[in-house]
Amino acid sequence: MTGARRTVAVTGVYAILWGLVLAGCAAVPPAPRAVPSSPPMSPPPSPSRSQGAAPPERERQEPEGAGRADVYAADRPGMLSPVVRGFRSLVYVPNSESGTVDVIDPETYRIVRHFTVAALPQHVVPSWDLKTLWVNNNRGNSLTPIDPRTGRPGRPVPVEDPYNLYFSPDGAYALVMAERNNQLDLRDPHSMKRLRSLPLPCRGVNHGDFTADGSVFLASCEFSGDLVVVDWRTPSLIRRVHLGHMSMPQDVKLSPDGRVFYVADMERHGVWLVAASTYEVVRFMPTGRGAHGLYASRDSRHLYVSNRGEGSVSVVSFAKRKVVDVWRIPGGGSPDMGGVSADGTKLWLSGRYHGVVYVFDTRTGRVVRTIPVGAGPHGLCVYPQPGRYSLGHTGVFR
């Protein structure tokens, strides 16, 4: 959710929120290319209409990852693609309220470049082929490309309502999360020309992740408390899962073994566990006030959960499926979106309501730097990172 809209949500004036975000199917898309090899998964159930309330909680006790493949196996330290080996390591911070991007040198913690983009930049997203970074200018209805070789921006590309951006696992499509339009737009991943649109039966679609075999996309709908399960190849809706009127689902992350989706819920103050084979809710895990961003550690052992409302990061054990540590920002803060450094030793998070970036040492849990940036920093991107290709957001690599 944008900094401006979050402020409105806190005051309870939802009518103003929708006023701030004012703003057809095209040609049939080409046949998808083969998805890069990944662990096998059970096939999804037959398409059905929307569900009502989430099913009763239940959980299997089998340790996660036992004898199974790891979808993040290509994301280990040092496993940089040949495509990015010559790129300078930088951190890109979109400042939503300032309409700017700050570029930070992670070695010196200094801003080395600052430039203006169109209105309400939300996230900086690596392209599927790793060659471009895209700034999502939500209210500016455009994407600004950045050349990661130089860190310099290029000419904006017109794209309507790009709150967030993902890429299909085969690289055939860019998936634009058109949040205010309540639809998923499938576009050419290079020209960004719209090819198809899928209207969604929910409000505020914004984050998601793919099943291990890449066939299904599970996305969160912030303003209606829903998850939508999408066959992106068709494209068509498989299922809607309603989490409840008190829910505000945010980031989504697949477990390393591909069996469970973790879904942050900013109003329930924790994380939902959703079975990746049936899309049924397994259970809810409290983490902290304003649970928002989700990031896997480089060794696939832990999930970092940014709790934006209380200035903390919860460390979840994938194997135990429980919180095993909590890192707190001295004096409080608003940790939001970000990413893990290429070597896995740092977690970079934007401070949404404090105009800063926090740098956590993942070995100690301590904040080692707080870097002033523009107003309303949101989906910062640490780049480059290990991985064969990008699925989008601020850096989901496989």
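**Exercise 1: Positive phi angles**

S300 lies in the loop between β21 (291-296) and β22 (302-307), where strands (E, at least two residues) and helices (H or I, at least four) are DSSP runs, numbered from the N terminus. The model is predicted: local features need pLDDT of at least 70, side-chain atom pairs count only at pLDDT 80 or more, and totals for chains, interfaces and linings use all residues. Residues are numbered from 1 along each chain as its sequence is written, and side-chain values use heavy atoms, with hydrogens and water left out.

Task: determine what phi S300 adopts, and whether S300 is buried or exposed.

Solution. Step 1: the phi of S300 is near 65°, a positive value in a residue other than glycine. Step 2: S300 has a relative accessible area of 9% and is therefore buried (under 20%; exposed is over 50%, partly exposed in between, with a 1.4 Å probe and protein chains only). Step 3: turn to Y109, found in the loop between β2 (100-105) and β3 (110-116). Y109 also is a residue other than glycine with a positive phi, near 65°. With a relative accessible area of 17%, Y109 is buried.

**Exercise 2: Cis peptide bonds**

Task: state which residue is joined to P235 by a cis peptide bond, and where P235 lies.

Solution. Step 1: the cis bond runs between T234 and P235, with omega about -20°. Step 2: P235 belongs to the loop between β15 (226-231) and β16 (236-242). Step 3: a cis bond also leads from Y383 to P384, and its omega is near 0°. P384 is in the segment after β29 (381-383).

**Exercise 3: A sheet and a hairpin**

Task: give the order of the strands in the open sheet of 4 strands, and explain why one side of β13 and of β16 has no neighbour in the sheet.

Solution. Step 1: the order is β13-β14-β15-β16, with antiparallel pairing (two strands pair if DSSP finds at least two bridges between them). Step 2: β13 (205-210) and β16 are at the edges and have a single partner strand each, so one side of each is left without a neighbour in the sheet. Step 3: on average, neighbouring strands of this sheet are turned by 25° against each other, direction ignored (axes are lines fitted to C-alpha atoms, and angles run from 0 to 180 degrees between N-to-C directions). Step 4: β15 and β16 run antiparallel and are joined by 6 bridges; V229 has R239 in β16 as its bridge partner. Step 5: for the hairpin, take β23 and β24, which have 4 residues between them. R321 in the turn has a positive phi of about 55°. Antiparallel β23 (residues 312-317) and β24 (residues 322-328) are joined by 6 bridges, and V316 stands opposite V323 in β24.

**Exercise 4: The chain as a whole**

Task: state how many helices and strands the chain has, and what percentage of its residues count as buried.

Solution. Step 1: the chain has 2 helices and 29 strands. Step 2: of its 398 residues, 62% count as buried. Step 3: the chain exposes about 14400 Å², of which carbon and sulfur atoms supply 53% (Shrake-Rupley method, 1.4 Å probe; for residues, only the protein chains shown count as cover).
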